[in-house]
Amino acid sequence: MPIKTLEIIRKRLEERPAELQTARQNGQKVVGWVGYNVPEEIIHALGFIPVRIAVGGDDRLVEVGARYASSKTCVFIREIVGAFAENQDPYIQQTDLLAFDATCLQNYRAAEVIEYFFKKDVVVLAVPRNFDWDEAKKYFAHEANEFTRLLEERAGAPLDSARLAESVALYNDIRETLKSIYTFQASRDNVISWEEVYDLIQAGELLDKKEYLSLLQQTLAELKELQPNPVIEADDGDSRLFISGSLIPRGDRKLIGIIKSVGGRIVGDDLWSGILPHLDLDIKEISPAGVALAYLNRTPHAALPYLDLESDRRLKKLHELLSTSKAQGVIYHTLRYCDPFTFKAKETKNVLAKSGIPLLEIHTEYAGSDYEAMKTRVEAFVEMIRIKAEFVEEEALLANA
Amino acid sequence: MGKQLFRYSEANKEKFLESDNITFNDGSVVTPEEIWHYLTVEGPEKYPGTFEINLYQGNRASRDETLPTSLKTHYLGLTFSERMERAKDKGKSIAFIQGGQAVDPYTAADTIALRPFLVGQWYHGREHGNDINKSVLRRKQSKEKAFHDMSFEACQTGGYEHIQSGNLRVDVVAPYTVLRCSDVSYGVEAHRHGPNKEVKLFNVDYPLRYQASKPWAVEYFAQNLRRLVKTLDEVSGRKTTEDDLLKAIKLHNEGRRLGTELAELWWSADIPPTNSDDRLSLVSLANLDMHGDVQASLSVLKEARNIIAERVKNGVKGHAVTDNPKRIFILGSCVGINDSRSEDAGAIVVGKDDQWSHCSSLVEEEGDPFYNLAKATLEYPYEQSIEKRAEWTIEQIKKSRADGVIFIHNWGCNTQAAVARPILDVIKRETGIPTYIQERDLHGLQHEQEQNRVNAFIEML
């Protein structure tokens with residue numbers, strides 16, 4: 001049974017660019033943000049309209065971006081640069097200024113290139129790589145204040161603490177509601193799919209935040225009515241897959257489509273463009289530094305190096321999410337030249353192998369030329385998981401006989 | 001039957017023997033006689049590939065036999081591997097670092113700092129008797145190991161192939177990360193899953209986005225340097241003081257000043273006093289890290305500065321330099337064009353931003369040495385915004401009177417590749433000098449397509 005609110009969200013997304021245009025005509029400013037550690041609440045509290053610039057799946061734009069940022073830059077960043085070059089994306093067209101972070105060095109380079117070639121006003125938040133050090137946190141707190149100061153200059157007004165508290169409360173509610181909805185997609189006899197939840201998460205990157213929260217709450221209410229008691233189980237007959245690795249932004253649904261087409265069921269992710277950024281964000285202090293540090297203290301992005309494998313929080317989180325979602329295998333998605341994730345593919349495979357979880361790395365870009373090759377590999381992986389699950393089930397039956 | 005090998009001519013011996021000794025960190029000295037013997041007897045036996053008669057592909061450091069300091073850099077290169085083994089036997093600490101950084105804190109902590117190229121040189125120098133093809137093949141094979149364990153899209157693998165798979169006795173992997181390159185950062189992290197559990201890992205976090213004007217960023221980087229020294233001390237068991245760092249800064253400032261003088265002398269000459277290879281091998285001594293022994297580098301650099309001054313005064317033309325060569329400035333990551341083939345095509349390389357940026361950045365000697373070093377490092381021109389980096393590069397281009405600029409980057413070097421076009425864009429706009437972008441692969445012999453493009457560019461100039 002379709003979730004009615006999802007239809008409303010799709011319609012609201014269609015209307016959103018025109019709405020932004022009207023808002024700008026009425027004097028509001030739109031901030032396009034790109035990154036993992038951009039504290040969106042600060043942007044929101046300053047009265048800006050935040051929209052996330054995350055586009056993918058268009059190899060023509062990748063080619064255009066390569067003319068400015070080289071063909072050696074990751075395809076996601078190339079597409080973003082290409083989209084700024086063409087200026088046809090309805091959200092990019094509506095941005096008054098941009099906020100980038102320097103979590104990923106390529107992200108940072110994109111900020112430089114966009115600033116230079118397309119004369120965009122760009123504010124960059126520096127991010128320490130030794131993120132778990134006290135000195136790094138102190139440095140990052142300074143950077144967050146500086147980032148806020150630069151935004152205040154553009155807003156023409158200082159950040160009001162009460163408004164920041166309101167924004168934090170709003171975003172906290174959004175995160176909590178999203179987490180509740182997320183449970184439903186992984187459950188037995190689910191009435192909402194992971195793909196639908198994924199689109200729902202990404203809708204929040206564009207819609208008005210208050211309206212978005214209301215739509216999420218409606219969605220959750222519908223889900224509770226349709227499925228009062230969601231239970232996540234491993235033996236529900238599906239090949240339960242988890243997606244990890246490079247982000248999968250709006251417009252890029254190649255891998256997700258392939259998994260579905262060969263009968264695999266996605267039940268979880270730890271993608272930068274998925275649920276991960278919404279998890280474990282605990283803002284302890286209502287201040288720019290307090291918000292920014294909460295972002296830094298989440299599960300770290302793969303672009304930030306961490307030198308001890310045993311205590312790596314990213315891998316711990318992956319294990320935790322695999323366990324919660326009862327996933328049977330991981331599809332590790334790496335984009336061409338996405339170094340933060342490609343460098344870790346083999347290591348992640350070895351780490352998961354110790355827990356008996358198979359991992360398939362799919363290295364791809366936005367061209368369609370590798371579609372069939374990807375499909376063959378994913379199909380074989382899904383089949384392998386299904387056979388393995390059946391074998392385990394038979395073994396259990398025999399043992400009980 | 002083996003290939004016929006190049007031999008240094010006896011005709012140059014007498015003059016060479018009149019040149020200076022090389023003095024090393026431990027106070028030991030090697031005389032010109034000993035160097036000559038090594039270059040003519042021992043070296044060809046151990047490293048025949050280096051002595052192959054092959055002007056285009058050989059990796060003999062210099063083709064100018066009349067330039068004593070270049071023969072000395074060749075000697076230091078050939079003996080590098082055995083010197084590192086000896087240093088380890090004597091209990092010296094060795095650190096893996098990044099190519100675009102100064103090494104003052106490592107010197108202060110009595111640790112040999114080796115950039116990726118040198119780690120490879122140490123590893124490959126342990127095997128003797130290889131011809132050039134075998135040597136290149138071996139380098140490619142070891143790189144493949146690292147690609148397998150990390151990513152085939154890696155340009156820089158953090159010495160993984162040698163330190164993890166190759167059991168090289170590196171004590172600590174501790175580069176300045178994300179300075180000029182992001183792959184080194186991922187390469188350092190990759191060591192955590194390698195079989196070598198003994199090697200210590202440390203990130204010296206270079207904060208991004210033109211941070212030199214922010215006191216909190218300078219302080220944060222200074223804290224990183226303090227922690228680096230502490231980590232190096234944990235390895236060596238010594239206690240490095242602020243005074244040790246100040247002494248190291250003074251020593252390295254001397255190298256940086258001499259290197260700058262040498263480069264400016266070279267640029268001031270109407271006739272290039274050396275060829276491209278010799279210019280680079282001498283100017284890059286300024287960082288004092290190139291041969292794993294800061295005192296040895298300094299002693300050769302001092303001598304080189306005087307020889308270049310003499311050559312400029314007397315209008316001596318460098319070996320194999322054509323009349324009125326087209327002057328090329330190289331930008332980009334840690335690679336360059338084939339100098340000798342480019343000279344044959346009528347060009348000369350007059351500068352390179354990558355080596356030059358940190359070699360020409362002096363450190364303040366009054367005040368907190370950690371803070372001063374942090375500030376100077378954050379001010380490296382190479383790490384500034386597109387406009388600022390281009391502005392500094394234009395100054396160097398003008399000083400060197402370059403006729404053309406090539407931005408060259410390795411395959412997989414997204415950090416430098418991403419800003420190649422905008423930087424050249426500013427340079428073209430401000431100077432009108434022709435430019436182009438070139439991509440290359442590491443450790444290959446077959447660079448015909450690459451050289452075709454270089455030659456076409458030279459012809460166009």
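This is a predicted model: local features need pLDDT of at least 70, side-chain atom pairs count only at pLDDT 80 or more; totals for chains, interfaces and linings use all residues.
How many salt bridges does the rule count over all chains? The count comes to 67.

**Stop 1: salt bridges within chain A**

Select A:E233 and A:R188, whose side chains meet in a salt bridge with an N to O distance of 2.5 Å. A:E233 sits in the loop between helix 10 (209-226) and strand 5 (239-245) of chain A, and A:R188 in the loop between helix 8 (161-185) and helix 9 (194-203) of chain A, so the pair ties together parts that are 45 residues apart in sequence. A:E233 is partly exposed, with a relative accessible area of 27%. A:R188 also counts as partly exposed, at 34% relative accessibility.

**Stop 2: helix 4 of chain A**

Select residues 75-86 of chain A, which form helix 4. At 1.5 Å a residue, its 12 residues should span 16 Å, and the end C-alpha atoms are 16 Å apart, which agrees.

Is this helix mostly covered or mostly uncovered? Helix 4 of chain A is mostly covered, with 10 of its 12 residues buried. The buried residues are A:V75, A:F76, A:I77, A:R78, A:E79, A:I80, A:V81, A:G82, A:A83 and A:F84. To see what covers them, display the elements of chain A around the helix: among them are strand 1 (30-34), helix 3 (59-69), helix 5 (90-93), strand 3 (97-101), helix 6 (105-118) and strand 7 (329-335). Just after helix 4 of chain A, select A:N87, which takes a positive phi of about 55 degrees.

**Stop 3: the interface of chain A and chain B**

Display both chains. The contact involves 53 residues from chain A and 55 residues from chain B. The area buried between chain A and chain B is about 4700 Å², and carbon and sulfur atoms give 55% of that area. In chain A, select A:Y116, A:L307 and A:F343: these residues lose the most area to chain B, together 18% of what that side buries.

One pair to select is A:R336 and B:E153, which form a salt bridge with their closest N and O atoms 3.0 Å apart. Between chain A and chain B, 28 residue pairs are in polar contact.

Which elements of chain A supply at least two residues each to the side that touches chain B? They are helix 3, helix 6, strand 4 (122-125), helix 7 (134-155), helix 13 (313-325), helix 14 (339-342) and helix 15 (345-353) of chain A. Helix 6 of chain A gives the largest share of that side, nine residues. By class, the side of chain A that touches chain B has 28 nonpolar, eight polar and 17 charged residues.

**Stop 4: loop residues**

In chain A, select A:D280, in the loop between strand 6 (264-269) and helix 12 (288-296). Its phi is near 55 degrees, a positive value in a residue other than glycine. A:D280 is partly exposed, with a relative accessible area of 40%.

In chain B, move to the loop between helix 12 (276-283) and helix 13 (294-314), where B:N287 is found. B:N287 counts as buried, at 0% relative accessibility. Leaving out residues up to four places away in sequence, B:N287 touches B:Q101, B:A102, B:V103, B:R115, B:H252, B:H358 and B:C359. B:L288 lies in the loop between helix 12 and helix 13 of chain B. B:L288 is likewise buried, with a relative accessible area of 0%, and its phi is near 60 degrees, a positive value in a residue other than glycine.

Then select B:S19, in the loop between helix 1 (13-17) and strand 1 (22-23) of chain B. At 12% relative accessibility, B:S19 counts as buried, because the cut-off for that class is under 20%. The side chain of B:S19 makes a polar contact of 2.9 Å with the side chain of B:K72. Apart from its neighbours within four places in sequence, B:S19 is in contact with B:P32, B:P68, B:K72 and B:E303.

**Stop 5: salt bridges within chain B**

Select B:R126 and B:E85, whose side chains meet in a salt bridge (3.6 Å, N to O). The pair links distant parts of the chain, 41 residues apart: B:R126 is in the loop between helix 6 (116-125) and helix 7 (132-149) of chain B, and B:E85 is in helix 4 (residues 80-89) of chain B. B:R126 is partly exposed, with a relative accessible area of 36%.

Finally, select B:K352 and B:D354. They form a salt bridge with the closest N and O atoms 3.6 Å apart, and both residues are buried.

How values were computed:
Residues are numbered from 1 along each chain as its sequence is written. Chains are lettered from A and ligands numbered from 1 in the order in which they are written. Side-chain values use heavy atoms; hydrogens and water are left out. Helices (H or I, at least four residues) and strands (E, at least two) are DSSP runs, numbered from the N terminus. The expected span of a helix is 1.5 Å times one less than its number of residues. Buried means under 20% relative accessible area, exposed over 50%, partly exposed in between (1.4 Å probe, protein chains only). Contact means heavy atoms within 4.5 Å. Buried area is the accessible area (1.4 Å probe) that two parts lose on being put together, summed over both. A salt bridge is a side-chain nitrogen of Lys or Arg within 4 Å of a carboxyl oxygen of Asp or Glu. A polar contact is a pair of N or O atoms within 3.5 Å; within protein, one must be able to donate a hydrogen and the other to accept it, and residues adjacent in sequence count only if both atoms are side-chain atoms. Ala, Val, Leu, Ile, Met, Phe, Trp, Tyr, Cys and Pro count as nonpolar, Asp, Glu, Lys and Arg as charged, and the others, Gly among them, as polar.
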